[in-house]
Amino acid sequence: MKNVSFALIQLSCSSNVSENWQKTLSSIRDAASKGAQVICLQELFKSVYFCYEEKQDFFALAEAIPGPSTDELGALAAELNVVIVASLFEKRAAGLYHNTTAVIDADGKYLGKYRKMHIPDDPGYYEKYYFTPGDLGYQVFNTKFAKIGVLICWDQWYPEAARLTALQGAEVLVYPTAIGWDLEEKDGEINREQYQAWQTIQRSHSVANGVPVVSVNRVGTENGQQFWGGSFVSNAFGRVIFQASHDQEEIALVDVNVDSSEYYRRTWPFFRDRRIDSYQGITERFLD
């Protein structure tokens, strides 16, 4: 069995972009020094989660991808011999922006990017104001250590996205994330229910597709949100093999078996028994 050391870097963020950037670079070095092979960063790690309100000033945070950030991460990846999965705010053209994750191989090569497909618009998560839905489709990146499928935050709730990524040969699904509890919501049971739903839906992607899931969330209080951390890894049958705290910054290294799909798909052959001839309705908005 092939184990790959994944680093989940769960951090808090401030309004100081330079400070966030340097803290993340330092965390990458720390993780690599401990033996990490694939470094997974949380969603939009360079800034606060700015989608809590609709404000034109925040568009200034966007950048070209590839660009200076991926260049610097590429140099660091090559120096440390690590793969980096980095969530960034992409400026594609004037007035056109995406929530994008870049994947950089262990030799520093920029392998490409995934643009978030599902864009939420809810109180505290006004992403439709900022992000155009992705148009690159679902993708798998063949890195030195594993074939990595990348999806982003709100994509977590859609089994179709996980399935289509797994069908392309992903050995592991990685979800950079920014999600938390409303500080005005004092009911602890509701908070626990929300977190369990978030983790359960992702664990179900492991079960249905026979692939591990790596989900990396931020922590800390920002603009009415208590980001719930709880970054976790589930194995290819949905068992949680690591879970971070809800309130602490963490650099966690987790050994992930990236070739276990063969075993689980032989034992539970969901792919074999899929009735692809009966799924035409899945592309309809609703079956009236």
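Predicted model: local features only at pLDDT ≥ 70, side-chain atom pairs only at ≥ 80, totals over all residues.
**View 1**
Let us begin with the residue from the opening question. Helices (H or I, at least four residues) and strands (E, at least two) are DSSP runs, numbered from the N terminus. Gln 202 counts as buried because its relative accessibility is 0%; buried means under 20% relative accessible area, exposed over 50%, and partly exposed in between (1.4 Å probe, protein chains only). Not counting residues up to four places away in sequence, Gln 202 touches Gln 156, Tyr 175, Val 213, Ser 215 and Phe 232. Contact here means heavy atoms within 4.5 Å.

**View 1. The largest nonpolar core and Ile 148.**
A nonpolar core is a set of buried Ala, Val, Leu, Ile, Met, Phe, Trp, Tyr and Cys residues joined through side-chain atoms within 4.5 Å. The largest one has 58 residues, and those with the most contacts inside it are Phe 6, Val 38, Phe 89, Ile 148 and Val 214. Strand E10 (residues 172–176) gives the largest share of this core, four residues. Another core, of 22 residues, lies apart from it, and includes Ala 7, Ile 9, Ala 36 and Leu 76. Now look at Ile 148: leaving aside neighbours within four places in sequence, its contacts include Phe 6, Val 38, Val 83, Val 172 and Val 174.

**View 2. Strand E3 and its two partners.**
Eight of the 11 residues of strand E3 (residues 83–93) are buried, so the strand is mostly covered. Two strands pair if DSSP finds at least two bridges between them. With strand E2 (residues 38–41), E3 pairs in the parallel sense over three bridges, and here Cys 40 stands opposite Val 85. With strand E4 (residues 96–104), E3 pairs in the antiparallel sense over nine bridges, and the bridge partner of Ala 86 in E4 is Ala 102. The hairpin of E3 and E4 has two residues between the strands, and in it Gly 95 takes a positive phi near 80°.

Leu 44 has a phi near 50°, a positive value in a residue other than glycine, and counts as buried because its relative accessibility is 4%. The peptide bond from Ile 65 to Pro 66 is cis, with omega near 0°.

**View 3. Cys 153 in a loop.**
Follow the chain between strand E9 (147–150) and helix H3 (159–166), and you will find Cys 153 in the loop. Cys 153 has a phi near 40°, again a positive value in a residue other than glycine. At 7% relative accessibility, Cys 153 counts as buried.

**View 4. Asp 182 in strand E11.**
Asp 182 belongs to strand E11 (residues 180–182). Is Asp 182 buried or partly exposed? Asp 182 counts as partly exposed because its relative accessibility is 39%. Leaving aside neighbours within four places in sequence, Asp 182 is in contact with Gly 224 and Gln 225. Asp 182 and Asn 217 are 35 residues apart in sequence and 16 Å apart in space, C-alpha to C-alpha.

**View 7**
On a 1 Å grid over the protein atoms alone, a cavity is a set of points where a 1.4 Å probe fits but cannot get out, and a pocket is an open set with protein on both sides within 12 Å along at least five of seven lines; lining residues have an atom within 4 Å of a point. Grid points are joined across faces, edges and corners, and a volume is the space filled by probe spheres set on the points. The structure holds one cavity of 30 Å³ or more. The largest cavity has about 50 Å³ of space, and among its lining residues are Val 207, Phe 237, Tyr 264 and Trp 268. Helix H4 (188–209) and helix H5 (261–267) are the elements that give two or more residues to this lining. The largest pocket has about 420 Å³ of space, with a lining that includes Met 117, His 118, Tyr 158 and Arg 285.

Technical notes:
Residues numbered from 1 in each chain as written. Heavy atoms only, no water.
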